[in-house]
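Colleague: I have a model to go through with you. Can we start with the strands and then turn to the chain contact?

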Amino acid sequence: MVNKQADIDLLFRNGLKDFEVLPPAEVWDHIRPAIRKKQQPVILLRSAALIAVLFSLGFLAYQMSRLSEPAQNPFLSFDQGPIRPRALPSDPVLEKLMPASDRQTSPAMQDQISLPEPEAELNNEEYISQPGPDIFTEISNLNFRSNIITPSGIRSVRITDYSKVNSASGIGDLNSPAIDEIKGKTDRWSLTAMASPTYYMRPDLASSDMADQVSSPEQSRISYSGGLSFSYKISKKLSIQSGLYYSSIGNKVDDIRSYAGFSRFDYTKGDHNFEVMTTSGPIFTSNPDVFLADIGGDRVVTKYTNDVFDPGKANLSYINSSLFQNFSYLEMPVFVRYKLIDKSLDFNLVGGLSYNLLINNSVHAMIDGSKYDVGKTAGLNSFMVSSSFGMGMEYSLSEKISLNLEPTFRYYLNPFSNIQSSSARPYSFGVFSGLSYRF
Amino acid sequence: MPEIKNIIKGCLAGNRRDQELLYRRHAARLYAVCLQYSGNDDEARDILQEGFIKIFENLSHYKHEGSFEGWMHRIVVNTALEKYRSKHNLYRVDDIDLIPEQDAAPETEDYAGLEAVDLLDIIRELPPKYRMVFNLFAIEGYSHKEIGEMVNISEGTSKSNLSRARIILQKKVSLYTGLKKNVLNG
């Protein structure tokens, strides 16, 4: 009898192997696929990251170009015409103070000093960059041409070394020493509130049938992160930052059917009835009323297999075919912030480590918009360290308050789970935005 | 003849000619699979059409590991399975008792003269539940446990359906073989 059965199976298997039948011609006309690209969320994310970087670089270039333009001083007039060699007007006192070779003004000085002789101009190429006396201080002390040179304007710029003057552009670094001293002395601390939608990704697990089966029906959910941080300005460009953030991340595990009403059939002892293999670690059910079944794989491990228990016959209530894993972390970042550009729109490079403490681990299914508790993910690391790198933009809304935008990439230095098969280290991308207050 | 890799690349780029080329190369074999899983031609056409749409939409997931034909075959079988799942409550297996187990196939097996088209006709005459279980077990090689999960029946039901399917098939094969012999002998 067994042979007969095998015979009939073989007859059909071999007989139909490679058999072909031409389909009706009109079938092709109805095939209009919408081609789906692989890992579309990642591509979107990359595009978003690229846009953020381009946006940052665009502003950076804009700021740089503004820096290279001639500075306008509201106190002093500036000769915009062609610059030709010119001697300072003969002044007996000045002649005594300066050697003859130094008696040519730098372009920077020209920006500061407007002289009545329109024909007297300076050759930019012939600018002398020798260290010299503190000219402006001495000039102000001399109080010559007080009707032209504004004393307050002179006092605000203190150039003691001509070599600092940019001979190519013809202007000095007007942001340096004195201005910054006046600007930066006060606000060393700042308090920042920031939040970001975050997209988590995880590298592929080792290639195996089980890994494929586990990872293919899983999707990272868009998560959120936000909190408060303090930063302290160590120097003009460098500051350190720390604070407390809350971040919530999660996965959607598809093709796992969940049913309610199982508790009346559950006569076994044990801490959980079902295990579901996921890339973050196994889900252990804690709700005795839930029944789980994998639609097309072997991800559900249970004593209640299909041949023992049929949820359809038992009349269990079907809930959903997806499970949601949620992980919440309390996060303490320790970042270093380096200011690339210090203007009304600042640009910063931000990098450092974050220490993450797991404070919530739950798994639920959704039924009519409300959560149905399933259990939790086992084997998660309760403490994680992540490294971050970002590029921040800070726009001053007022003297004390500024608006922040920080595209940030994060890589976890230890895996989510301490279970060997789930040891992938995730990475994430988020665009933090918020307000900061300086004090 | 363009290589399959180039055709796939073209399909992914949305090139309609490459899509048609892929279809023309494999449609006949896959349509035979669709007929094998369906009781009528309209359903087979629908399965082929939906199957090919899925093939094109999921081409980017094909990793160029293993047989491309096998990958497409699995998609078509899964499409047939989905179709079956969506309809299986409408089907009734009411002819089980018409074929008592003791009336099974004759002791001597002589299947000479049976062609693929005859076998296809025979398998398509099976009730849908039996046809699905027989196809998944005997042709695709799934276990009863897997079939139970795929079709949402118990392992025991799967075994029982297979047994019934075999009985019907053996009976019909004998009938076809006898008819053919009679025709040949004049």
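Modeller: One term first: two strands pair if DSSP finds at least two bridges between them. Keep in mind that this is a predicted model.

Colleague: How many bridges join S13(A) to strand S14 of chain A?

Modeller: S14(A) covers residues 427–438. The two strands run antiparallel. The number of bridges joining S13(A) to S14(A) is 11.

Colleague: Which residue in S13(A) is the bridge partner of A:Ser396?

Modeller: Strand S12 (residues 383–396) and strand S13 (residues 401–412) of chain A run antiparallel, joined by 9 bridges. A hairpin of 4 residues links S12(A) to S13(A). The partner of A:Ser396 is A:Ser402.

Colleague: Which helix gives the largest share of the side of chain B that touches chain A?

Modeller: Chain B puts 42 residues into the contact, and chain A puts in 32 residues. Several helices of chain B each supply at least two residues, among them H3 (41–57) and H8 (155–185). With 9 residues, the largest share comes from H2(B).

Colleague: How many residues on that side of chain B are nonpolar, beside the polar and charged ones?

Modeller: The side of chain B that touches chain A has 10 polar and 9 charged residues. The nonpolar count there is 23.

Colleague: Which helix of chain A do the buried residues of H3(B) pack against?

Modeller: H3(B) has 17 residues and spans 24 Å, close to the expected 24 Å. Its buried residues include B:Ile47, B:Leu48 and B:Phe52. Within chain B, the buried residues pack against H1, H2 and H4. In chain A, they pack against helix H2 (26–29).

Terms used
Residues numbered from 1 in each chain as written. Chains lettered and ligands numbered in written order. Predicted model: local features only at pLDDT ≥ 70, side-chain atom pairs only at ≥ 80, totals over all residues. Contact = placed C-beta atoms within 7 Å. Nonpolar A, V, L, I, M, F, W, Y, C, P; charged D, E, K, R; others polar. Expected span 1.5 Å × (residues − 1). Buried ≥ 20, exposed ≤ 12 C-beta atoms within 10 Å, placed from the backbone.
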